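Me: I would like to learn how to read strand pairing in a protein. Can we work through a case?

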Amino acid sequence: MENVAVIYGSDSGSTKKVAALIAQQLDVDCYDIADIDVEDFEQYDLIVLGTPTVNKGEIQSDWDYVLDDIEDLNLAETKVAIFGLGDQIEYSDTFVDGMADLAEVCADAGANIIGQWSTEGYKHEDSRAENDGKFIGLAIDMERQADMTPARVEAWVSLLKTSML
Ligand SMILES: Cc1cc2nc3c(=O)[nH]c(=O)nc-3n(C[C@H](O)[C@H](O)[C@H](O)COP(=O)(O)O)c2cc1C
């Protein structure tokens, strides 16, 4: 796909690895949010944004710094897909919450958010990233379900490709 970028924030490297896998399958470039300017977001047809949830329900800090700037963008021509990493057992009440913060500012910027994902197969109790019984993006758990990650990424990337046709 043309004009697509994968952008992630990561504290301990898992989100970076998943971002690289998604970028490889989409055949596009991958960037750390700490290294790029959010104003570049407007140039893409699709941006795939990834964050872990940290500190019991918070978005990763490099994303936190730029949330207000993202909200001020014009993303009316840009589709956004979100993926989030979390731990559904240790943080069962705040599982992948950080995705919700990204979705909120992107929606405020006018973006069309694609890539909603079924909650089936996860054991969490609660998540701010659920809407109408689905996750607002791909939920990945490298602590509890790392073996499911390749298949989940593959299915989600197929979904994104279909949404871009
Ligand atoms: C102090 C701490 C707090 C965390 N809080 C949450 C949380 O609230 N919700 C969640 O789903 N995962 C939580 N996690 C799990 C991380 O999101 C998970 O380990 C993730 O894979 C880390 O990604 P990274 O390696 O890209 O930083 C927490 C992890 C740590 C160490």
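Me: In β10, which residue is the bridge partner of F83?

Reply: This is a predicted model. In β10, F83 is bridged to L138. Strand β10 covers residues 138–140, and its pairing with β5 is parallel, over 3 bridges.

Me: Which residue of β5 is the bridge partner of G50?

Reply: F83 again: in β5 it is the bridge partner of G50. The strands concerned are β3 (residues 46–54) and β5, which pair in the parallel sense over 7 bridges.

Me: In what sense do β5 and β6 pair, and over how many bridges?

Reply: They pair in the parallel sense, over 3 bridges, with β6 at residues 112–114. K79 stands opposite N112 in β6. To get from β5 to β6, the chain passes through helix α3, residues 98–108, and this β-α-β crossover is right-handed.

Me: How do side chains sit along a regular strand?

Reply: As a general idea, the side chains of a regular strand alternate between the two faces of the sheet.

Me: How many of the residues of β5 are buried?

Reply: Buried means under 20% relative accessible area. In β5, residues 79–85, this holds for 6 of the 7 residues, so the strand is mostly covered.

Me: Which feature does UniProt place at residues 4–161?

Reply: The unreviewed UniProt entry gives "domain: Flavodoxin-like" for residues 4–161. Over that stretch the chain is 30% helix and 25% strand. The C-alpha atoms at its ends are 11 Å apart.

Methods. Residues are numbered from 1 along each chain as its sequence is written. This is a predicted model: local features need pLDDT of at least 70, side-chain atom pairs count only at pLDDT 80 or more; totals for chains, interfaces and linings use all residues. Side-chain values use heavy atoms; hydrogens and water are left out. UniProt positions are given in the numbering used here, feature names are shortened, and annotations may be inferred rather than shown by experiment. Helices (H or I, at least four residues) and strands (E, at least two) are DSSP runs, numbered from the N terminus. Buried means under 20% relative accessible area, exposed over 50%, partly exposed in between (1.4 Å probe, protein chains only). Two strands pair if DSSP finds at least two bridges between them. A crossover is right-handed if, with the strands pointing away from the viewer, the path from the first strand over the helix to the second runs clockwise.
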